[in-house]
Amino acid sequence: MKAITFLTRRRGGDTWHWTDVVTFAWLGFGLIIMFGPAIWLVMSSFKSPAQLAEFPPTILPYVSETVEVPVKGTMKELPLYTVTTEGEAPRELAEVRRVGIIANMVDPADPETVIKVNINDRTPVRRVGLALENYAKPLRDFNFGLYLWNSVFVTGVATIITLITNSMAAFALSKYDFRGRNAVLLLIVATLMIPISVNIVPLYSVVSSLGLLNSLWGVILPTVATPTGVFLLRQYMLTIPDELLEAARMDKASEWQIYWRIILPLTAPALAVLAIFSVVWRWNDFLWPLIVLSRKELFTLQVGLNTFAGELNVQWHFILAMTVATMIPVVLVFVFLQRYITAGIAGTGLK
Amino acid sequence: MISNEKTTIGAVLSAPVRWLAEAIDIPMRWWQGIAGRPGMISFFLIPNLLIFGMFVLVPLFINIVYSVTGGTELFLSDRSYVGGAHFNRLLECENHFNPNSCREDLFWIALWNTIKFVFTQVSVMIVFAVITALILNGKIRARAFWRAVFFFPVLLSPVVVGLIWQWMLQRQGVFNFILFQFDAQAINWLTERTWAFGAAVGVSIWAHVGFYVLILLAGLQAIPRDLYEAAEMDGTPPARAFWRITLPLLWPNLLVVIVLALIRAVQVFDEVYVLTGGGPGTSNLYLTQYIYEVGFASILRNPGLASAASLIMASILVVLTLAQLGLTRWKDKK
């Protein structure tokens, strides 16, 4: 009883206010619109091609039931149908052969007698089940295993380099006073304004003259010097008291040790935020890898998926399965590290 | 006990890293002995500045050189000076409101499409985000869950977003099934010009709105509760409290968010490109795609023209970014 009053308690009092109705309507609408597509994608990705072509579509994925029947002495796996002919109770029969609109069917209990059935009088027997070959086949036969590895490599290496170079630069820019520091800072702020989409043409020629076209390094390097990362870490490092550094210097710590042993551990929360964002950015990168990589075996998952979706005569069952596979890492990051992400965005406007 | 085990595992795993760091310390001390502290400063700065210079500053400079030189060659020495020819070609129009009268009609189609897209997308999205943030800031249960519901598409890649919606909006997709349920005509969402534009706007809102909800929600939560309590004690109706307290205090945040949304919308490309390929026809051709196609994809590749176009786009972005920086400073002062 107490639980019910607790759950139904509303703003201000016990009664429903019109604002509550609006709130719940909006949230319900939001749930369907925002979450529905992802659920629909996952459900569809487990359906067989035949089922995907069905109209109206079902929500849950089904697989057709089959049964082992001896046909002319050998055991065969045959599809099972429910047959409803006029004046008779529905029966479950297995299809041996189909000629035009007439199917030769047998009762699994009595495989000798062949019954001729009009195909309009029967429906396949199905149960809820997953078409896992949608996932297995692309990973095995269509290079998707390789694309996955390329994406993992690009994401991992780019994130590590981002963390190291950005934290070193942020350390120098926050803990040392030197001539030209403001100039460097200004330069970094200025380039915050230049997104990669503005610079793609000349960046391509730079990467090309460095011989990095069609190399995963050509994807990694241009993205690691993010001014956002330097900025985020610098703001955080400014809050570390300088006395700590002075004390360490008294104890004969080298500058490298100060960076490595004092600054980095204390910057861990900001590093975590940057790491999470860097993983998401690099994993999701599309335009730049699309430009740099033209050899198929170097494609990242995003480029590979886009090409796959464009070139095949739309094999939706594979495309949907690989779309799910592509979003899994990001969903995992989101589920487990949501706190850091929301804090990072709300605090810094990072994206 | 468990935490103890964790630390042991952590210590074992991190040991090689620590040894590496200690090993690096030996040459570092030697270097510090030679170069002193200033030498160490440059050591810390150089990797980042090197990458930064090579992949941000140099391209920026090349971009400008490209825009005033002609030809299809990429090396600067192979290109001849053409002055403002690219800009003239891009901007030459009999009537700027009619792309067909322009020499580079595709650029003007892309520019007008982008303007149309930016205004539709940003206005609808911001209204949606404000309403959602207000509702999430109300007295609701499981706020973190609802925030996550609206936020999660933000993290999905543009390819994933494009494909999810392509699947749902195709001729035999779930949207037409819903229409079918209501005995309505099926719609070619992605192959009819008006619908395809609407789909692009809608999908891009779906993919990005959560980001703005999050920022606006943080802004709303920063408004002191006692203001509302005081208003309630004075018998102020909620609607009035909204106009007199919530909106004025949220306004600085809102302005920053709007400019941020404008900056992002101007660069629209990937999810729409995956969704419709920029079509049907040119109805979803936007500036970034124009630059991409002139620079890379088309047979008549023209890096100079693409650079000139990207400089025009950059100037729009710079104005917007300066506005944003100014607004942020003004907001922080407030």
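Student: Is Glu297(A) buried, exposed or partly exposed?
Tutor: In this predicted model, local features need pLDDT of at least 70, side-chain atom pairs count only at pLDDT 80 or more, and totals for chains, interfaces and linings use all residues. Buried means under 20% relative accessible area, exposed over 50%, and partly exposed in between, with a 1.4 Å probe and protein chains only. Glu297(A) has 37% relative accessibility, so the class is partly exposed.

Student: Which residue forms a salt bridge with Glu297(A)?
Tutor: A salt bridge is a side-chain nitrogen of Lys or Arg within 4 Å of a carboxyl oxygen of Asp or Glu. Side-chain values use heavy atoms, with hydrogens and water left out; residues are numbered from 1 along each chain as its sequence is written, and chains are lettered from A and ligands numbered from 1 in the order in which they are written. The closest N and O atoms are 2.9 Å apart, and the partner is Arg295(A).

Student: What is the relative accessible area of Arg181(A), which pairs with Asp177(A)?
Tutor: The closest N and O atoms of this salt bridge are 3.8 Å apart. Asp177(A) counts as exposed at 69%. Arg181(A) is buried, with a value of 18%.

Student: How many residues apart are Lys175(A) and Asp242(A)?
Tutor: Their side chains meet in a salt bridge of 2.9 Å, N to O. Lys175(A) lies in helix α5 (residues 144–175) and Asp242(A) in helix α10 (residues 242–250), both of chain A; the separation is 67 residues.

Student: Which residue of chain B is in a salt-bridge network with Glu246(A)?
Tutor: The structure holds nine salt bridges over all chains. The network links Glu246(A), Arg249(A) and Glu255(A) with Arg37(B).

How values were computed:
Helix = DSSP H or I, 4+ residues; strand = E, 2+ residues; numbered from the N terminus.
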